[in-house]
Amino acid sequence: MIWNDEFETLPREAIESLQLKRLQQTLERVHATVPFYREQFAKAGVNLEQIKSLEDLQRLPFTLKQDMRDNYPYGLFAAPLDQIVRIHASSGTTGKPTVVGYTRRDIDNWTEMMARSFSAAGAHRGDVIHNAYGYGLFTGGLGAHYGAEKIGASVIPMSGGNSKKQLMIMQDFGSTVLTCTPSYCLYLAEIAAEEGIDIRSLKLEVGILGAEPWSEKMRDEIQEKVGIRAIDIYGLSEILGPGVGIECIEAQSGLHIWEDHFIVEIIDPDTCEVLPVGEQGELVITTITKEGIPMIRYRTRDITRIIAEPCICGRTHRRLQRMSGRSDDMLIIRGVNVFPSQIESVLMSIEGVEPHYMLIVDRDENLDTLEVQVEVNEKTFSDEIKVLQKMSRTIQDAIKDMLGITCRVRLVEPKTIARSEGKSQRVIDNRPK
Ligand code: DLL
């Protein structure tokens, strides 16, 4: 169902003229209230009167995660604290977190975007939404929560962790929609099997899964194992939280971006040049309705491409292809660029392999090495050594064929690779920095 027919089906020209108007308002707002942007625009020699078309956005400088860190905690806020009703932060792996603030109107818009997203995924009033995204500084839990309430569904604020209890609640409360990371969804399936619960027999119909990269093959695996339709949802705290974009259940192909709230560009991450529509590169997002912390040309580091073709669902907002990964997670192994999701696709296409793997990168006498550790199912693991050797070989050859890199494959016993209740970590890079 389309939640907001008026805005979700706007003709292209109407979207673009709305974008331009809102962009100009946002630029005025940040220019007036955020010294960082004022300085950035001055340094780039841009005068706001020069921004007369959407193309003119390209004259403006990019904003980086480091800029948020440099202005920690509130330096990029465009509203005084007494108008900020919510603060979230993303932990990051090193240093200070990045902090974001929402005005009441920002929360309303976010809730609207999540309501659109749930509706696009096929959720509606009457659904029991089991929300296993973490509640707290992470945006996943509360972001999904407000949207779920907005559409009139019954939301269970589970948060992550305590997997056996999650399953009990799902069974007893009749959860129909599950929201969590794709890796946690698989983990729940595994715990269910251990507990003797047939997860496919639960009332679950849809999984709204995101917050980490996953492959099309992983989707097949989840749909099959859990007996649900698995929908990809994208977002990032710097821009909003969950709900920046979502797949529609009709096509399950590409994530509609709410273009009345965001302008997307794709750039070449090395040259920073804007690429033509359809080409793959780094996603750059400008927010055009946010008040608390608007972002101008934020470099997400996420790699995707814009799909301009119309979608069968009737929404006119353009789609982004499933993220291949982050440019900073891209491994360069002996000069070859590899995303973990590409290796995942290869692994998932091999019979007997489980969807749990870890990539270990190291350096040996100046040469990069890659070890792929992957779990195999019980049956395969108890097979003769010859069978296992053959399987390692098959995986090695498939990776070589697809990606052109030679790796070492280590088949490991079921359940030996660490499971995650939130975002999974699939790469350990031991190379000296
Ligand atoms: O992960 C927000 C979110 C919550 C999205 C729940 C979806 C569902 P951050 O913690 O700031 O926010 O992490 C954002 O996670 O830049 C991507 O690299 C990655 N990411 C998020 N969704 C997807 C996805 C939330 N569907 C970062 N596919 C982003 C691939 C994703 N990567």
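The model is predicted: local features need pLDDT of at least 70, side-chain atom pairs count only at pLDDT 80 or more, and totals for chains, interfaces and linings use all residues. Residues are numbered from 1 along each chain as its sequence is written, and side-chain values use heavy atoms, with hydrogens and water left out. Helices (H or I, at least four residues) and strands (E, at least two) are DSSP runs, numbered from the N terminus.

**The ligand and its shell**

- The ligand is surrounded by 21 residues, where a residue is near a molecule if one of its heavy atoms lies within 4 Å of it.
- Asp 232, Ile 233, Ser 237, Asp 302 and Lys 423 are the closest of these residues.
- Nine residues of the shell are nonpolar, six are polar and six are charged. In this scheme Ala, Val, Leu, Ile, Met, Phe, Trp, Tyr, Cys and Pro count as nonpolar, Asp, Glu, Lys and Arg as charged, and the others, Gly among them, as polar.
- One nitrogen atom of the ligand is 3.1 Å from a polar backbone atom of Ala 211.
- A ligand nitrogen atom also lies 3.5 Å from a backbone N or O atom of Pro 213.
- On the side-chain side, an N or O atom of Arg 326 is 3.1 Å from an oxygen atom of the ligand.
- On its own the ligand has 610 Å² of accessible area, and the protein covers 94% of it; such areas come from the Shrake-Rupley method with a 1.4 Å probe, and for residues only the protein chains shown count as cover.
- Helix H6 (139-150), strand E7 (229-236) and strand E8 (241-246) are the elements that give two or more residues to the shell.
- The most comes from E7, which gives five residues.

**Helix H6**

- H6 has twelve residues and spans 17 Å from its first C-alpha to its last, close to the 16 Å expected at 1.5 Å a residue. The expected span is 1.5 Å times one less than the number of residues in the helix.
- Its buried residues are Thr 139, Gly 140, Gly 141, Gly 143, Ala 144, His 145, Gly 147 and Ala 148. Buried means under 20% relative accessible area, exposed over 50%, and partly exposed in between (1.4 Å probe, protein chains only).
- The cover over these buried residues includes strand E1 (84-90), strand E2 (98-103), helix H5 (104-120), strand E3 (128-131), strand E4 (154-156) and E8.
- After H6 comes Gly 152, with a positive phi near 90 degrees.

- Ile 129 is in strand E3 and counts as buried because its relative accessibility is 0%.
- Contact means heavy atoms within 4.5 Å. Not counting residues up to four places away in sequence, Ile 129 touches Phe 118, Ala 123, Ala 148, Ile 151, Ala 153, Ser 154, Val 155, Ile 156, Val 177 and Thr 179.
- From Ile 129 to Ile 156 the sequence separation is 27 residues, and their C-alpha atoms are 6.0 Å apart.
- Ile 197 is in the loop between helix H8 (182-194) and E6, and at 18% relative accessibility it counts as buried.
- Beyond its neighbours within four places in sequence, Ile 197 is in contact with Leu 167, Gln 171, Ala 192 and Leu 202.

**Backbone geometry**

- Most residues other than glycine have a negative phi, and most peptide bonds are trans.
- Ala 211 has a positive phi, near 80 degrees; this residue is in the loop between strand E6 (206-210) and helix H9 (216-226) and is partly exposed, at 27% relative accessibility.
- Arg 297 also has a positive phi, about 50 degrees. Arg 297 is in the loop between strand E11 (281-287) and strand E12 (298-304) and is buried, with a relative accessible area of 2%.
- The peptide bond from Tyr 72 to Pro 73 is cis, with omega near -10 degrees, and Pro 73 is in the loop between helix H4 (65-70) and E1.

**Asp 368**

- Asp 368 is in strand E19 (residues 367-376) and counts as buried at 9% relative accessibility.
- Its side chain makes a polar contact of 3.0 Å with the side chain of Arg 363 and another, of 3.3 Å, with the side chain of Arg 431. A polar contact is a pair of N or O atoms within 3.5 Å; within protein, one must be able to donate a hydrogen and the other to accept it, and residues adjacent in sequence count only if both atoms are side-chain atoms.
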